[in-house]
2 protein chains.
Amino acid sequence: MMKTKGYAALAAGADLVPFEFERRNLGANDVGFEIQFSGICHSDIHQAREEWGTALFPMVPGHEIVGVVTAIGDKVSKFAVGDRIGVGVFIDSCRKCENCSRGLQQYCLEGMTGTYNGYERNSDQIAFGGYSNFFVIDQDFAVKVPSNLDLAAVAPLLCAGITLYSPLRHWGAQPGKKIAVMGLGGLGHMGVKFAAAMGAEVTVLSHSKAKQEDAKRMGASNFVDTKNLDWHKGFQKGFDLILNTVSADIDLEPYLSTLRTDGTLVVIGLPGKPYSVSAGTLLNGRRSIAGSMIGGIPELQEMLDFCGTHNIVSDVEVIKADYINQAYERTVASDVRYRFVIDAKSF
Amino acid sequence: MMKTKGYAALAAGADLVPFEFERRNLGANDVGFEIQFSGICHSDIHQAREEWGTALFPMVPGHEIVGVVTAIGDKVSKFAVGDRIGVGVFIDSCRKCENCSRGLQQYCLEGMTGTYNGYERNSDQIAFGGYSNFFVIDQDFAVKVPSNLDLAAVAPLLCAGITLYSPLRHWGAQPGKKIAVMGLGGLGHMGVKFAAAMGAEVTVLSHSKAKQEDAKRMGASNFVDTKNLDWHKGFQKGFDLILNTVSADIDLEPYLSTLRTDGTLVVIGLPGKPYSVSAGTLLNGRRSIAGSMIGGIPELQEMLDFCGTHNIVSDVEVIKADYINQAYERTVASDVRYRFVIDAKSF
């Protein structure tokens with residue numbers, strides 16, 4: 001067993017505090033690694049505050065994890081000591097259903113095993129996440145991080161990055177396509193970078209006009225201030241794809257009206273209330289609303305390789321562990337450009 | 001000008017009454033034909049009663065029209081006198097936008113020209129629909145009817161038929177796919193026949209258990225009584241595609257939960273209220289909700305040829321013109337198996 005230091009919420013809504021625990025001994029297929037950086041995802045906050053249903057405590061959040069391999073099990077061939085490694089939103093799955101067989105572990109029919117806020121698969125051991133200084137993972141559920149990327153800025157790719165990369169690939173972002181990104185936050189800023197790198201024309205739809213320059217720097221061709229309630233009138237049937245990263249409750253109808261024939265609005269955020277969608281808006285142009293959730297292991301690796309090739313990382317603010325609770329408050333207030341990342345040396 | 005006898009609503013909500021009017025003289029590209037049968041679509045009733053916004057009166061409804069060609073213009077090559085001909089929901093479009101260029105006239109960016117309840121394109125002449133004994137149409141907006149099919153039972157294919165055929169083709173109905181049809185009425189019964197003929201496994205989701213035998217006869221493998229509120233628990237992640245023909249206000253959530261990964265629920269009916277859709281249900285399996293509206297001219301012809309090959313027609317009850325108002329009442333009450341068709345000799 002490996003002594004590990006991290007930060008945990010000991011009860012729903014409690015401040016995160018220093019917490020020591022043990023990681024399992026390395027199995028034959030396991031990789032042990034020293035965590036270097038761990039991203040803060042808004043979903044960490046929802047779960048630590050038990051806003052998404054009953055949660056499991058003590059909770060060590062964190063599912064945007066990067067580090068350097070320090071030990072490998074007897075049967076590990078994918079990694080060597082010294083390799084840069086990443087772990088995302090899940091640490092295991094059934095490995096045999098039709099979705100796992102296709103590399104879509106995020107849609108495992110038995111349910112993926114989350115990186116925290118649950119138990120390790122077929123075990124009564126609580127799974128502790130990335131807000132810590134050491135990790136053990138089956139090699140099949142970890143990915144390699146290209147050597148040219150800044151490791152701190154890579155961490156958010158493991159959740160925020162793949163959450164945008166996957167729908168862009170699935171719905172065919174490419175030259176000639178017009179793509180809108182709703183909201184320029186931790187998720188949205190990755191969508192802009194990826195869609196632009198894939199060659200699409202990118203429009204940011206945001207109510208924060210102060211972010212206009214950032215949007216352009218990240219690759220957006222257009223920035224639309226949605227505080228102007230008539231914004232959509234100039235974009236009727238204009239977009240092939242809209243990625244909705246906004247988790248606030250909003251009226252989707254104006255956005256749907258800007259979809260071209262056969263266009264799709266992909267929902268990524270999880271608002272508190274259901275959306276209201278009128279059939280007529282969908283019928284008029286064979287439009288779709290779809291959902292998308294992170295990505296599978298093969299796609300996670302594909303994304304990191306794509307990032308290596310295109311030199312894409314997240315815009316981050318690196319903090320120490322004792323700033324986590326303040327970072328939570330600022331994340332809820334959208335006061336971060338664009339993602340907090342914890343320096344794991346500070347645990 | 002050609003004297004024509006039909007039935008019209010003279011004002012919103014008024015009973016339909018005998019009505020005489022004139023069709024235009026044949027242009028070079030026009031076909032004139034004697035109408036044999038005209039189907040009654042629920043949308044005729046919505047429009048005659050002005051339930052879908054302001055309507056235009058006098059209104060001769062009808063957009064499921066079949067007949068036999070009696071005259072052709074100088075430049076007509078597609079039809080000869082004596083040919084069986086069909087006309088559906090639109091009689092013209094801009095003919096040059098990106099959708100018209102792809103044969104998707106139903107999504108014409110300038111708006112298709114409806115068969116009734118509007119004006120002929122670029123004209124102040126009211127467009128009168130199929131509840132009449134004669135019709136004039138540009139050859140490019142009419143289709144050929146295979147000789148082996150019963151003409152009365154063909155009429156509903158021009159709207160109800162294509163409305164189901166098009167999404168089944170677009171979303172890939174084929175052997176190995178599991179498809180559910182919500183509602184077994186004028187629309188739904190065509191969906192069952194087409195999906196079965198395309199080789200898919202068809203399940204009917206209906207609250208009318210009395211229709212179970214009909215569903216089987218039409219090709220359904222399964223019939224589910226949705227009056228059992230727990231029906232969906234046995235079908236979680238079971239269907240690749242669901243076609244929703246129900247225009248009543250219903251909760252889609254139980255239906256969405258029965259979609260497999262990457263499955264789509266296609267909305268065809270137009271309920272009065274918007275749907276309520278939770279993001280989580282879409283995210284969990286990359287599910288979609290889409291809309292679909294009739295089909296373009298090339299697909300309309302493809303469907304009729306498919307019907308000729310597979311000997312598919314609508315189940316109809318043929319009526320005389322003086323029964324139209326009663327037929328409307330019975331249609332609203334879902335008391336028809338499965339579509340009323342007016343014998344045009346009775347106008």
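## Salt bridges

Four salt bridges link chain A and chain B (a side-chain nitrogen of Lys or Arg within 4 Å of a carboxyl oxygen of Asp or Glu). One pairs A:Arg260 with B:Glu98. Their closest N and O atoms lie 2.7 Å apart.

The model is predicted: local features need pLDDT of at least 70, side-chain atom pairs count only at pLDDT 80 or more, and totals for chains, interfaces and linings use all residues. Residues are numbered from 1 along each chain as its sequence is written, chains are lettered from A in the order in which they are written, and side-chain values use heavy atoms, with hydrogens and water left out.

## Extent of the interface

Chain A gives 36 residues to the contact, and chain B gives 36 residues (contact: heavy atoms within 4.5 Å). The buried area is about 2900 Å² (accessible area, 1.4 Å probe, that two parts lose on being put together, summed over both). Carbon and sulfur atoms give 58% of this area. In chain A, the residues that lose the most area to chain B are A:Tyr107, A:Leu283 and A:Arg286. Together they make up 24% of what that side buries.

## Strand pairing

Strand E15 of chain A meets strand E15 (residues 275–277) of chain B. Strands here are DSSP runs of E, at least two residues, numbered from the N terminus. Three bridges join these two, and they run antiparallel (strands pair if DSSP finds at least two bridges between them). A:Tyr275 has B:Val277 as its bridge partner.

Note on methods:
Helix = DSSP H or I, 4+ residues; strand = E, 2+ residues; numbered from the N terminus.
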